[in-house]
Amino acid sequence: MSKSPSSPVFIPDDLTPQILPSLPVKSLLRFKCDKEWSMAGSCNGLICLVGYNSISSKFFSNRDIIYQDYCLRLWNPSTRKISQKIGYFRDSRGFVFNFGWDDSTCTFKVVASRYIHNSYMKRVVKVLTIGDNVWRNIHYFPVVPLGLGWRGQHLDKGYEYGCVFLHTSFNWLAIRKRVRFNWSYYVNDITVEDIVIVSLDLRTETYNQYRLPQGFDELPPEEPTIAVLKGCLCLCCSYKETGIVIWQMNKFGVEESWIQFLNISNHIVGLDHDISFLPLFLSKDGDTLVLCSSQNEVAILYNLRDNSMQRIEVKVHKTIIDDKTHNSLYLSLAQGYVESLISIC
């Protein structure tokens, strides 16, 4: 890359109270969060927060079984109002949540899903329509979405990059084989044909599957990612030998509409080992692309005009959806607050 990375800057706790009052109110609202600090996503100006409470219970063998109490809250950052707890249920641990909009009924919906590789009984997808306050079980995925598997007591880190919302549907990369999936372990045992995009349509609560681009004929060493750029579903792959390739589905759901949107050669990226990249945001003029890497999650700016890349010492985090852009950046305090890095709609 054109600029060598430097060590992140950490703000001492005793300086934080002096820094926060100097920030704009709009900036402070982005960092406000329910004390129970997890997000299902954001949509149409609302943020869906997920609360967790672990419960330990003795089983027949006198072995501790950990259950989780789940509940939801809706938060409006503009009015600073937060709802009462809704959507309560108790189950064993392992659910992840997605928040979206069903335009056929003009209602918000939350999807809770769980995949445990060695237990068909524990593979669950639940849907909650906001207002009904009743969770309904629907059919499980016809394939295995990447990022929903267990590793011990923790969800795969890749989950937060695993799902995007577009045209009233959630979309995941998925594998046709039902295995305890970890990309680095199984990439040599699968083919391009084993990987698809699985889509859950909130209007019908049914699934569709889409094949990857015809020109995508080699699996990358690290897990690919999907994103939404300029209203189109995108697939991003990185290769140590060649660089970063981004494919774009110009018409959602039409497999023949895939095109190669961007190819960033390795002499620009400067990869000396295999890592994956996540596209986060494309500027309105189409000149600047914001990415982050699986290695350190530092923001990377790629300038399409002069074909240059630059690291910005700001950590980034992607939630599932955000109004219009369908991606959201959370910027930590590092070398000052970067208000103008990108425009958040």
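**Note on the predicted model**

1. Threonine 129 is found in strand S8; strands here are DSSP E runs of at least two residues, numbered from the N terminus. This is a predicted model, in which local features need pLDDT of at least 70 and side-chain atom pairs count only at pLDDT 80 or more, while totals for chains, interfaces and linings use all residues. Residues are numbered from 1 along each chain as its sequence is written, and side-chain values use heavy atoms, with hydrogens and water left out.

2. Threonine 129 counts as buried because its relative accessibility is 10%, where buried means under 20% relative accessible area, exposed over 50%, and partly exposed in between (1.4 Å probe, protein chains only). Its side chain makes a polar contact of 3.3 Å with the side chain of arginine 136. A polar contact is a pair of N or O atoms within 3.5 Å; within protein, one must be able to donate a hydrogen and the other to accept it, and residues adjacent in sequence count only if both atoms are side-chain atoms. Leaving aside residues up to four places away in sequence, threonine 129 touches Thr107, Phe108, Lys109, Val134 and Arg136, with contact meaning heavy atoms within 4.5 Å.

3. Strand S7 (residues 107–114) and strand S8 (residues 124–129) run antiparallel and are joined by six bridges; two strands pair if DSSP finds at least two bridges between them. Lysine 109 stands opposite threonine 129 of S8. Both strands belong to an open sheet of four strands with the order S6-S7-S8-S9 and antiparallel pairing. Its edges are strand S6 (96–102) and strand S9 (135–137), each pairing on one side only.

4. The largest nonpolar core has 44 residues, of which Leu173, Ile195, Phe216, Leu219 and Leu235 touch the most other members. Such a core is a set of buried Ala, Val, Leu, Ile, Met, Phe, Trp, Tyr and Cys residues joined through side-chain atoms within 4.5 Å. Among the elements that give two or more residues to this core are S8, strand S13 (163–166), strand S14 (169–175) and strand S15 (195–201). Contacts of leucine 173 beyond four places in sequence include Val144, Ile195, Leu212, Ile226 and Leu235.

5. Strand S21 (residues 277–282) has six of its six residues buried. Five bridges join S21 to strand S22 (residues 288–293), and the two run antiparallel. Leucine 282 has leucine 289 as its bridge partner in S22. The two strands form a hairpin with five residues between them, and glycine 286 in the turn has a positive phi of about 75°.

6. Arginine 80 has a positive phi of about 65° and sits in the loop between strand S3 (64–76) and strand S4 (81–82). For threonine 168 the positive phi is about 60°; this residue is in the loop between S13 and S14 and is buried, at 7% relative accessible area.

7. Isoleucine 259 lies in strand S20 (residues 258–265) and is partly exposed, with a relative accessible area of 36%. It touches Ile246, Trp247, Gln248 and Asn250, not counting residues up to four places away in sequence.

8. On confidence, the mean pLDDT of the protein chain is 76, and 68% of its residues reach 70 or more; pLDDT is the predictor's confidence in each residue, from 0 to 100. It stays under 50 over residues 1–10, where the model has 19 contacts beyond four places in sequence. Residues 149–161 also stay under 50, with 38 such contacts.
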